[in-house]
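Hello,

Here is the structure we talked about, for you to open alongside this message. My notes on the pocket, the salt bridges and the annotated domain follow below.

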Amino acid sequence: MIGMFDRDRNGTINFNEFAALWKYIQDWRNCFERFDRDRSGNIDANELNHALQTFGYNVSPAFCAVLVRKFDRSDARTMKLDDFIQCCVMIKSLTEAFRKKDTALRGTVKIHYEEFLEMVLENGIH
């Protein structure tokens with residue numbers, strides 16, 4: 001996340017960059033708490049599905065279960081705040097990359113395998 005806020009790309013963040021990062025994290029915390037319906041301090045697949053649907057992503061509960069498995073580092077079938085942030089940022093960046101290819105806005109694209117790999121590596125898994 002520091003890289004996202006290092007505006008001058010010098011490898012560090014100054015006070016203003018840190019303040020922006022802090023606000024970003026607090027905004028995500030508020031979002032996380034809004035969707036943590038059972039107040040467990042974690043987001044499960046159902047809560048994640050509700051969050052993503054609210055954000056405008058039309059994804060299935062099964063896909064949300066896959067996301068939770070991918071981002072759950074504690075093997076508890078839930079996501080902590082930092083996992084939730086990383087997941088949502090990845091979904092957003094991959095969606096933006098997909099939309100660049102989906103110029104007709106049909107929800108489908110035809111790409112070569114290497115294009116797919118580039119899209120994922122540049123925008124997705126970190």
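**What was found**

The lining of the largest pocket consists of 12 nonpolar, two polar and two charged residues. Please keep in mind that this is a predicted model. The pocket holds about 490 Å³ of space. Of its 16 lining residues, Phe63, Ile91, Leu94, Thr95 and Phe98 lie nearest the centre. Helices α5 (81-101) and α6 (113-123) each supply at least two lining residues, and α5 gives the largest share, with six.

Arg73, Asp82 and Asp83 are linked in a network. The closest N and O atoms are 2.5 Å apart for Arg73 with Asp82 and 2.7 Å apart for Arg73 with Asp83. Asp83 sits in α5, while Arg73 is in the loop between α4 (61-71) and α5, so this pair ties together parts that are 10 residues apart in sequence.

Another salt bridge joins Asp27 and Lys23, with 2.8 Å between the closest N and O atoms. Both residues belong to helix α2 (residues 15-35) and are four residues apart, about one turn of the helix. Asp27 has 40% relative accessibility, so it counts as partly exposed.

As for the record, an unreviewed UniProt entry annotates residues 23-58 as "domain: EF-hand". In the model that span is 64% helix and 0% strand, and its end C-alpha atoms lie 28 Å apart.

Regards

Terms used:
Residues numbered from 1 in each chain as written. Predicted model: local features only at pLDDT ≥ 70, side-chain atom pairs only at ≥ 80, totals over all residues. Heavy atoms only, no water. UniProt positions renumbered as here; feature names shortened; annotations may be inferred. 1 Å grid on protein atoms, 1.4 Å probe; cavity = no way out; pocket = protein on both sides within 12 Å on 5 of 7 lines; lining within 4 Å. Points joined across faces, edges and corners; volume = space filled by probe spheres on them. Nonpolar A, V, L, I, M, F, W, Y, C, P; charged D, E, K, R; others polar. Salt bridge = Lys/Arg side-chain N within 4 Å of Asp/Glu carboxyl O. Buried < 20%, exposed > 50% of the residue type's maximum accessible area, 1.4 Å probe, protein only.
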